[in-house]
Number of protein chains: 2
Amino acid sequence: MATPVRSGPSHTGRPVEQPLPATPGAGQDEIRRQNLGAALRYVHVHGPTSRAELTTRLGLNRSTIGALAADLAAAGLVTEEAEAPTAARRAGRPSLVVSPRSGRVYAHALSIETDRLRAARIGLGGRILDLREVPRPPGMPVLDAVAPLAGLVRDMGASVPADALAVGGAVAVADTTRDDAGGIRIGADVDHLGAALGAELAPGPGFVAGDMADIAGLAEHVRGVAAGVDDVVHLHGDLGVSAGIITGGRLVTGHRGHSGKVGHMVVNPDGLRCGCGSRGCWETEVGQNALLRHAGRTGDRAGVLEVLRAAAGGEPTARAAVHHVADWLGFGVANLVNVINPDLVVFGGALREVYVAGAGVVRRRVDAMALPASREHVHLRAAALGRNAALIGAAELAFEQLLADPLNAAAAG
Amino acid sequence: MATPVRSGPSHTGRPVEQPLPATPGAGQDEIRRQNLGAALRYVHVHGPTSRAELTTRLGLNRSTIGALAADLAAAGLVTEEAEAPTAARRAGRPSLVVSPRSGRVYAHALSIETDRLRAARIGLGGRILDLREVPRPPGMPVLDAVAPLAGLVRDMGASVPADALAVGGAVAVADTTRDDAGGIRIGADVDHLGAALGAELAPGPGFVAGDMADIAGLAEHVRGVAAGVDDVVHLHGDLGVSAGIITGGRLVTGHRGHSGKVGHMVVNPDGLRCGCGSRGCWETEVGQNALLRHAGRTGDRAGVLEVLRAAAGGEPTARAAVHHVADWLGFGVANLVNVINPDLVVFGGALREVYVAGAGVVRRRVDAMALPASREHVHLRAAALGRNAALIGAAELAFEQLLADPLNAAAAG
């Protein structure tokens, strides 16, 4: 990934993790900043929340929560309204409900996918306010996407309310292991993408760039099938396969932000030559081309869906192809389960449909290969957020600065 | 690993990470606790430190550091003495030097190794105060080690000063994937080890248990070749191979504490049947038995050392055996480099000598298989702490509670 997303705070607003101060010395300002961030993160993730519930969830006293909510409201980040009277409400003074100002505070979320470029405005709280896309011509270099993406962002600008607050931007890039020549290495251009977008759209908030697997995994962790799960391997299939790895509630980035290149874990030393120069990489066995090859077809994503449909209809060659790929999918998952000991493995992107078609085969291979103590507790699940996961995750990344330091970020926005 | 070592604080006292409070709400007591912990951790890791340097390193003001040091001294955890006059010292009032009370404050560090049981008293600051060992009979079940280890601890008790403070204990266990019957699964008995030791030695501090690779990796991270490095894969070879994985300065434990079972990552689907039930696991290619097999020998650790000596002397069969194992060692390392993107891979335990003997072969395989962006920046190094790494790491684990909350832990100790 380009700008490494440092393994910083937990992204779920649950009371396990904390934004980390830059130095060990914690003073009054730091506490206030942490508590404002925790309160804003809570309503961002969980939606409108009464002051009473915030008091309980954050373990702070009532007057502190009141002051924090008032500060966040004054900064234009949340609203406070009296709870609608319901039969369920207990007697006593109604607690004010704190809601994220989704229509006012927003992030720019962009994605460079294999076949299209997308741009969205996503409001605090995760609401998609606007979403545009244009096709991506086959083989279009990553940096050539800057101008059309900037165009989409400018188009969206026309309908942005005058008092709106843009807090940042992020872009998710598919297949960061492919460079512009189609070779497999980590595309150096991705490193420059955030800066190039920022320059193109200046003045305005900056952009960070990241790998689709990391960013879509973040989305599933905050709002999808991995919500509340601290140890997750999120597999994203595209032309290749990569992983967003979350351990202890934090995204693993690796030393230079390149962790999770699981598609180039070698599983079959006697297998096919891979574009990366190695042989028998996992993606040579479970990528789109592997499925097509075993089904005796050529083509692209549409061809893959055809094979999956044929397999569902009982066509023997297609069924065998799905079985073969699902078996190798389980093989790599078993390795990752032994190395990472996740609670949950999520299958996203193009791997979602392959997993759904061959879930039993995948599970059997994991059960045959992973150590009992690790495999017995691991859940395998299809991704929940579909093709919007990348945009939702990019928004989470873009909101990070605001959630770490709400008042300063709001003042600077 | 038995008691999962949660990916909590950074263990180096560097100003990157912080002990995490249990709830997002941070109050005055919490700040004081964090700052006391940061100051004590700093002198524990870095040794005697002047107040002036602590002020700079922790980013706190002079009076705060003075108060923290006084509190730690009053609790009997550190001493404060005037700096010895040196030519190098700048003019002005001499800064008091804060030193950990290594002779008074100590942890019990134990290890269950393949061939011996060891027990040490290790003082704050990492000084080994006492160290005893007895042989471990071949195949001795883990829980049968409780009584002899407790005996060693009791023996050491005779020379403990009357005012000493024992703050906790930890035990590192080799080959936690082997159960008492010699089968490969995660030995359930390890889960009960900490409690059994605590019960045997009650009343006294409790014990946590962990995998040797994690614990020796922690030692290398705090005081060894991985000091100051945030993304580390520490490989530990014994009968099998496992890894302690550190990302973003935190030990990865996985969902149930079983991460790093890299010896059961399958690298050779056509390889040998492994004791875990799978085939071609990494440890079937790089474990002690693989080297002996390729050298046409049988035996144990002594046999391995003989093969390495013969290879160093130019004996062709031994050289070929080392080459073969080093090549497969690089193969698995390349996979881990692609998955984790570490800054550093450390070879410890029995793998240390194999790595030293075949470092060039290992590096060439990594360069042939790992993606350029990840392999270009990865360092490969032999472990620095030798066979004391497990005890030093166990002490770090045992000190964790004290370093997280110095005054309460000191009062309870």
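Modeller: Before we start, two strands pair here if DSSP finds at least two bridges between them. Keep in mind that this is a predicted model.

Colleague: Got it. Which strand of chain B pairs with β7(B) over five bridges, and in what sense?

Modeller: That's β8(B), and the pairing with β7(B), residues 165–173, is parallel. Within that pair, A170(B) stands opposite V208(B) of β8(B).

Colleague: How many of the residues of β8 of chain B are buried?

Modeller: Four of the five, over residues 207–211, so β8 of chain B is largely enclosed by the rest of the structure.

Colleague: Over to chain A. What's on either side of β7(A)? Start with β4 of chain A: how many bridges join the two?

Modeller: Seven, and the strands run parallel; β4 of chain A covers residues 105–112. Look at L110(A), whose bridge partner in β7(A) is V171(A). V171(A) also has a bridge partner in β8(A), namely A209(A). β7(A) and β8(A), residues 207–211, are joined by five bridges and run parallel too.

Colleague: And β7 of chain A itself, how many of its residues are buried?

Modeller: Nine of the nine, so that strand, residues 165–173, is largely enclosed by the rest of the structure.

Colleague: Changing topic: what's the strand order in the open sheet of three in chain B?

Modeller: The order is β1-β3-β2, with antiparallel pairing. β1 (49–50) and β2 (78–82) of chain B are the edge strands; each has a single partner, so one side of each has no neighbour in the sheet. β1(B) is held to β3 of chain B, residues 96–100, by two bridges, and the two run antiparallel. T49(B) has V98(B) as its bridge partner in β3(B).

Colleague: Now helices. At what angle do α1 and α2 of chain B cross?

Modeller: Roughly 115 degrees, with the axes coming within 11 Å; α1 is residues 28–46 and α2 is residues 51–58. The crossing of α1(B) past α2(B) is right-handed.

Colleague: Which residues of α1(B) and α2(B) meet there?

Modeller: From α1(B) you have A38(B), A39(B), Y42(B) and V43(B), and from α2(B) E53(B), L54(B), R57(B) and L58(B). The residues of that contact come out as six nonpolar, no polar and two charged.

Colleague: How many disulfides does the whole structure have?

Modeller: Zero, over all chains. C276(A), for one, is in no disulfide; the nearest cysteine sulfur, in C281(A), is 3.6 Å away.

Colleague: Is C281(A) buried or exposed?

Modeller: C281(A) counts as buried, at 0% relative accessibility. C276(A) is buried as well, with a relative accessible area of 18%; the limit for buried is under 20%.

Colleague: Last one. What order do the five strands of the open sheet in chain A take?

Modeller: β11-β10-β9-β12-β13, with mixed pairing. β11 (250–252) and β13 (379–382) are at the edges, each with a single partner strand, so one side of each lacks a neighbour in the sheet. On average, neighbouring strands are turned by 25 degrees against each other, direction ignored.

Colleague: Which helix packs on that sheet?

Modeller: α11 of chain A, residues 350–369, which touches β9, β10, β12 and β13. The direction of α11 makes about 150 degrees with that of β12(A). As for β12(A) and β13(A), four bridges join them in parallel, and V345(A) has L380(A) as its bridge partner in β13(A).

Technical notes: Residues are numbered from 1 along each chain as its sequence is written. Chains are lettered from A and ligands numbered from 1 in the order in which they are written. This is a predicted model: local features need pLDDT of at least 70, side-chain atom pairs count only at pLDDT 80 or more; totals for chains, interfaces and linings use all residues. Side-chain values use heavy atoms; hydrogens and water are left out. Axes are lines fitted to C-alpha atoms, for helices over the stretch in contact, and angles run from 0 to 180 degrees between N-to-C directions. A crossing is left-handed if the near helix is turned anticlockwise from the far one by less than a right angle, and right-handed if clockwise. Contact means heavy atoms within 4.5 Å. Ala, Val, Leu, Ile, Met, Phe, Trp, Tyr, Cys and Pro count as nonpolar, Asp, Glu, Lys and Arg as charged, and the others, Gly among them, as polar. A disulfide is a pair of cysteine sulfur atoms within 2.5 Å. Buried means under 20% relative accessible area, exposed over 50%, partly exposed in between (1.4 Å probe, protein chains only).
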